[in-house]
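User: I'm new to this one and would like to get my bearings. Could you walk me through it?

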Amino acid sequence: MYIVINGGGKVGEYLATEMLRNGNQVAIIEKDPATAEYLSSELSGQILIINGDGCMSRYQEDADIRRADVFASTTGHDDANLVSCEIATRVFNVPRCIARVNSPKNLAIFREVGIEPISSTTIIAKIIEEDTMFDGISVLSNLASGNVELSEVTIPRFRHHIAEEGVEVGAIGLPDGCLVVAVSRDDAEMEVVNGATLLFPGDTVVLASDKDKTAAGRAALKQL
C-alpha cells in the first residue's frame, strides 16, 4: 500500500513509522526544512520526504500522489488539512482521504465534503492498518456508526496508587473491549501509549471502547 502524508510532526512521524514497519510505501510532505531533514535521517525503508507545502498540488504531484491508496493530512491546522485533502480528492482522485481534526466543531465540515475526520489523532495509523489486515473492514466505519466510541478522561487523584510514581497503562485492568490509546500531559500534544506508559493524576487520556463498555472503562480509570 502507498500512503502520502501531509505533515511530518509527531503524528505524521508516528503514522509513517507504523506504515513502514508493516512494509508499506510512504511519502511525507513537510513544510519546515529542518523537520524534513530530521525525518530524512530518522526514517528508513520505502520512504520519500518532500520539503514543501502539502496544500499545493505541485508538491502532491512530487509525492506521486496519483498512485496513492490513502492520503492522510496530520498537521495541527484544520484549514490546511481540509485544503490538502480536497486537492488530493478532487484533483488527483485519491480514493481515500483521512484528516486530523483538531477542533471537534469542524468535524461536520470534513464529513460534508467526503473527508474522513479523526479527532483523536493517535489512531489514524490503526485505522489504515485495520483496513489492511481485515480486508477493508474499517475501524473508522465502526466509529462512524457508533459501535466504537472515543472518549477523553482526565485521571483524578489516585485512591490506590502513589501519585508521584504513576501507574502503568498495562496494570490498570480495563474491561475487555476498552483500550487507552493516547495520553496528554500539561496541555502537550497527545502521544500514543503502550503498556509501560505511566499515567499520573491530571493526565488526559483517550479511551477507545465498545459502545456498551465505555461507562465501565471510564469508571476503571476514575478508580485508580
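User: Leaving aside its neighbours within four places in sequence, which residues is alanine 63 in contact with?

Analyst: Keep in mind that this is a predicted model. Alanine 63 belongs to the largest nonpolar core, where it is one of the residues that touch the most other members. Once its neighbours within four places in sequence are set aside, its contacts are Tyr2, Val4, Ala27, Ile29, Leu48 and Ile50.

User: Which element gives the most to this core?

Analyst: The core has 21 residues. Elements that give two or more residues to it are E1, strand E2 (25-30), H4, E5 and helix H5 (107-112). The one that gives the most, with three residues, is H4.

User: Apart from that core lies another; how many residues does it have?

Analyst: Among the members of this other core are Ile172, Val193, Leu221 and Leu224. Leu221 also turns up among the buried residues of helix H8 (residues 214-222). The count for this core is 17 residues.

User: What arc do the buried residues of H8 cover around the axis?

Analyst: The buried ones here are Thr214, Gly217, Ala220 and Leu221. They sit on the same side of H8, because the arc they span is only 130°. As background, an α-helix has 3.6 residues a turn, so residues three or four places apart point the same way. For H8, then, the arc is 130°.

User: Are the two faces of strand E4 covered or exposed?

Analyst: In a regular strand the side chains alternate between the two faces of the sheet. On one side of E4 (residues 70-73) are Val70 and Ala72, and on the other are Phe71 and Ser73.

User: In E5, which residue is the bridge partner of phenylalanine 71?

Analyst: E4 pairs with strand E1 (residues 2-6) in the parallel sense over four bridges, with isoleucine 3 opposite valine 70. Three bridges also join E4 to strand E5 (residues 97-100), and these two run parallel. Phenylalanine 71 has as its bridge partner in E5 cysteine 97.

User: What hand does the β-α-β unit made by E4, helix H4 and E5 have?

Analyst: Helix H4 covers residues 78-90. The strands of the unit, E4 and E5, run parallel. The unit is right-handed.

User: How many disulfides does a search of the whole structure find?

Analyst: Take cysteine 55: the closest cysteine sulfur is in cysteine 85, at 9.1 Å. A disulfide needs the two sulfur atoms within 2.5 Å, so that pair is too far for a bond. Across the whole structure, the number of disulfides found is zero.

Technical notes
Residues numbered from 1 in each chain as written. Predicted model: local features only at pLDDT ≥ 70, side-chain atom pairs only at ≥ 80, totals over all residues. Heavy atoms only, no water. Buried < 20%, exposed > 50% of the residue type's maximum accessible area, 1.4 Å probe, protein only. Arc of directions from axis to C-beta. Pairing = 2+ DSSP bridges. Right-handed = clockwise from strand over helix to strand, strands pointing away. Core = buried A, V, L, I, M, F, W, Y, C linked by side-chain atoms within 4.5 Å. Contact = heavy atoms within 4.5 Å.
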